[in-house]
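The structure is shown first.

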Amino acid sequence: MPDVRTSVVESVRAALSRARAAARVHLDAARSDLAGAEARLARVQQAGEQRPARAAAERDRRLAELADKHAAGMADLARRAAVAGALRATGAAGDPWPGWHPTPAIRTEPPDLLRVGEIRIPGAPPVPALVPLLDRGHVALVGPHTGPGAGAVWTEERSDEGRQRLQGAGASASGASASQHSLVATLLLRALGRAAPGTVRITGYDPERLGGGLAGFAPLAPAGLLTFVGPGGLAGLLDDLVDHIRRINETVLAGEHSSLREMAVATGKRPEPWRVAVLLGGDELSRHERAQLERILRTGAACGVHLIVRGIPVPEWSTVETVTVDGDTALLSSCGPLPVLLDGPPPADLVTATSRRLAERVSTGPAPAVFADLLPEEIWTESSAAGLTAPVGDSPEGRPVSVTLADYPPHALIAGPSGTGKTNLIYAWMGALSARYSPTELEFYLLDFKEGVSFARFAPGQRDPSWLPHVRLVGVNVNTDREFGLALLRFLGRELRRRADAAKQHEVTKLAELRAEDPTGHWPRIVAVVDEFQVLLTGRDALAQEAATLLEDLARRGRSQGIHLILASQDVSGIEALWGRPALVAQFTLRIALPKARRILAETNTAAETLPRHHAVVNADSGAVEANRIVRIPAASDRRTWGELQHRLWRDWRDRPASLGAPRLFDGDAVPQLATSPDFAALRPGTVDPVVLLGESIDVQARSARLPLSRSPGRNIAVVGTRVEEACAVLAAAARSLARQSPDARFSVACLDQDAAATAESLRPDLPPDTGWYDAPGLAELLPELEPDPSRPHYLFLFAADAAASTLAVKTGGRSGHEHLRRLLNTGPERRTHVLGWWRSVARLRDDLGGIGSRTDSIGAWVALDVQGGDLSGFYPQQGGPVWYPRPWRALYFDRARHRTPEVVIPYGLTT
Ligand SMILES: Nc1ncnc2c1ncn2[C@@H]1O[C@H](COP(=O)(O)OP(=O)(O)OP(=O)(O)O)[C@@H](O)[C@H]1O
């Protein structure tokens, strides 16, 4: 037991002694560290005592350097801010009051910020202090003791009671300062001056009748640009603004644009005015009013709805610029603590005069409708399968008004006295259509029976090589060429049949179905526009009859085949020409009446009588009063306005492989040329039965009137009439066209009248070198010798054949020259000898043929110039002769072998 205790004691002692030894070692080390530290401290203290003067000098230098750098930086920043500020508040938005005047921005320009004063920084130019309003946000004006978050504004975290608590000068009516009034006037005048007249509408809520800067704007009120809401009307005003915002979101922006500003930049359209409500205090807001106010503050700016608020608490949101006004200085929430020296108020007479002028501008009528508004953002995106819809203008409220051509309504009638804008309306409508529907979706055929060339711009001309790619045919100066109208109707009739046949084949009835069944087919909708169409229907002749029948058929059946007619007329007789044909009129359910148009709308519908200039009544229900829509038509006639669109469409279309080339331009005043006619170009040498080209047919295509010279009896031609030039032109074209096909044939030319000599001579280079040239005695010698030779065609041209009568009357060898001529006329063609002659009257032709009662069938074809139809009865199968009223540079051509009725031709121009 004692041994155990002893051993424990010893081991404890040993452990204690080890611990003591270790503690001693640590203590020594600590003492030595302390001594080292004390020595270092002493050294540092000693060094520190030697350096304070140097450190202070260095610090001061650095501080001065920093101050300089800061000042330079500030000055630079201020300079840049001044430049940027001037750029963001241009013209009326930033100009000083002396010399200030409105400078309305164009629609695609985003509105400027509005200058209220300037920030002064030493050593730098003043920086304009700008406030965002139109399209950007709202402005809250508060007094000096109510900075952001301190009463006249509220923050999100505040309780309802806190929100309603107003404090300080800015929150009470009594504290309303002159500076705040002047700020309201500044903001309103700058906003009005920088926007187009009428596009900023102000509503004032001023229950305590403080004026609040609004008084000078009173002249705006009669024009509806300034309205006041009386005490108790705040809730109604806020509700109205919220409804307005909702409507714009739903119907104007319609999910396609995020704001009116973005829409204006993207489309160039700004269909709604800005609405600025100036709220100048009043009672505490109800819960509902507060909610509506918040909605406006949150969503108004995107819809052009803005508030300028004073004396009503508003939240501190990014959409609100809070201006804390204190005398002639202010703090702007967007400028932090930099004080703004406010501009003085706009001079009272400037406010009044500007307001008066704006009101006058607006009262004299809305800004004219704009052609660009009719055009879509992107061209050629629409399908015409179901119809054609496009705006023609806008409503008095500025909303686009579209019209449709489809199964219903299929056709349109346009009426209005001369100068009321029918042609302009047609341009506007065509522009809107041709920008929406590509040329594979829509084709135009245009005919103008008025004198003038209004539609010629759609075809390439000398001044402008462009054309509207949708246009396939343009007819101008056709007032005396009703045949051209008839040709167009016949052409459309054929197209109608083609479409009806295709529909039948695919077992469908409508164009939309046909297109679905035959997606690769070419089935554009066709719109035929005929201006002064009544010209076509006047006259009780066969032509008018056929035109009416064709029109009726097209109107009735065209609707389902995608062929639409637009007929325009300036006088009552035009419409009356239709009125006798109720079946035809009934198809024209779309009626467009220009100011003072008569008889186009229903009888009791007098809307057109009171229509202002450049407006139209569009009525898609045959003129019934209830269907009236008043439309402002934009100016579309101006060549530059139109040209810009046409060039754009033309360039886009020209390079496409499907491009169809330029439209056919038929100009009734132009003289066609043989050398450029397609039929002449197509003639080839060696043709067995050559064709004689006599002139241009009046047709949809530029075709020649043709006489085939087969080996049949009667294949001679007589040109009859006194007009030398036209007669020579017909014979010259005949000679040149024959020479091109039969260079080996024999040609004989007898020129028997001096007046024709120049033309006859001009043929020399184009006829074979062995052509025989004869005068009257020469002809008298030639005729007896002539023996037709079937192996070599022979063409005998007689210029003024009747002028050789006395010479041919002489008998040589028992027979007169006339007898020889008759023998040739009767028997020559079978043996390929043909006479192509000009006689200056029908009577002389008859004399040469043997006199009254003699046979006329050797003249199988004739071209009549200034000859009355009745005189031709002997050469025409029907009694009384053809209907023909001679007119300059037109001829009536009849070929017994091929024609049922004669055709009108235009002689080719002479190339002497
Ligand atoms: N909406 C409009 N805006 C501005 N100017 C227009 C408008 N409509 C027509 N005009 C102008 O009025 C004039 C007459 O217009 P337009 O030629 O279209 O009339 P119209 O009815 O076709 O006359 P007419 O029957 O004699 O040919 C033209 O100078 C045209 O530019």
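The model is predicted. Its chain contains 24 helices and 35 strands. Of the 912 residues, 45% count as buried. Among contacts between residues at least 6 apart in sequence, 73% join residues at least 24 apart.

An open sheet is formed by 10 strands in the order 2-1-12-11-10-3-8-7-5-6, with mixed pairing. Its edges are strand 2 (127-131) and strand 6 (226-229), each of which pairs on one side only. On average, neighbouring strands of this sheet are turned by 30 degrees against each other, direction ignored. Within the sheet, strand 3 (residues 138-142) pairs with strand 8 (residues 305-310) in the parallel sense over three bridges; Val139 has Ile308 in strand 8 as its bridge partner.

| Helix | Strands contacted | Direction |
|---|---|---|
| Helix 6 | strands 5, 6, 7 and 8 | about 155 degrees with strand 7 |

Helix 6 (residues 234-253) also meets helix 8 (residues 287-299): their axes come within 9 Å and cross at roughly 35 degrees. This crossing of helix 6 and helix 8 is left-handed. Residues in the contact include Leu238, Leu241 and Ile245 of helix 6, and Leu293 and Ile296 of helix 8. By class, the residues of this contact divide into eight nonpolar, three polar and three charged.

The ligand is surrounded by 15 residues, the closest being Ser418, Gly421, Thr423, Asn424 and Ala635. The shell around the ligand has three nonpolar, 10 polar and two charged residues.

Conventions
Residues are numbered from 1 along each chain as its sequence is written. This is a predicted model: local features need pLDDT of at least 70, side-chain atom pairs count only at pLDDT 80 or more; totals for chains, interfaces and linings use all residues. A residue is near a molecule or strand if its C-beta atom, placed from the backbone, lies within 6 Å of it. Ala, Val, Leu, Ile, Met, Phe, Trp, Tyr, Cys and Pro count as nonpolar, Asp, Glu, Lys and Arg as charged, and the others, Gly among them, as polar. Axes are lines fitted to C-alpha atoms, for helices over the stretch in contact, and angles run from 0 to 180 degrees between N-to-C directions. Helices (H or I, at least four residues) and strands (E, at least two) are DSSP runs, numbered from the N terminus. A crossing is left-handed if the near helix is turned anticlockwise from the far one by less than a right angle, and right-handed if clockwise. Two residues are in contact if their C-beta atoms, placed from the backbone, lie within 7 Å. A residue is buried if 20 or more other C-beta atoms lie within 10 Å of its own, exposed if 12 or fewer, and partly exposed in between; C-beta atoms are placed from the backbone. Two strands pair if DSSP finds at least two bridges between them.
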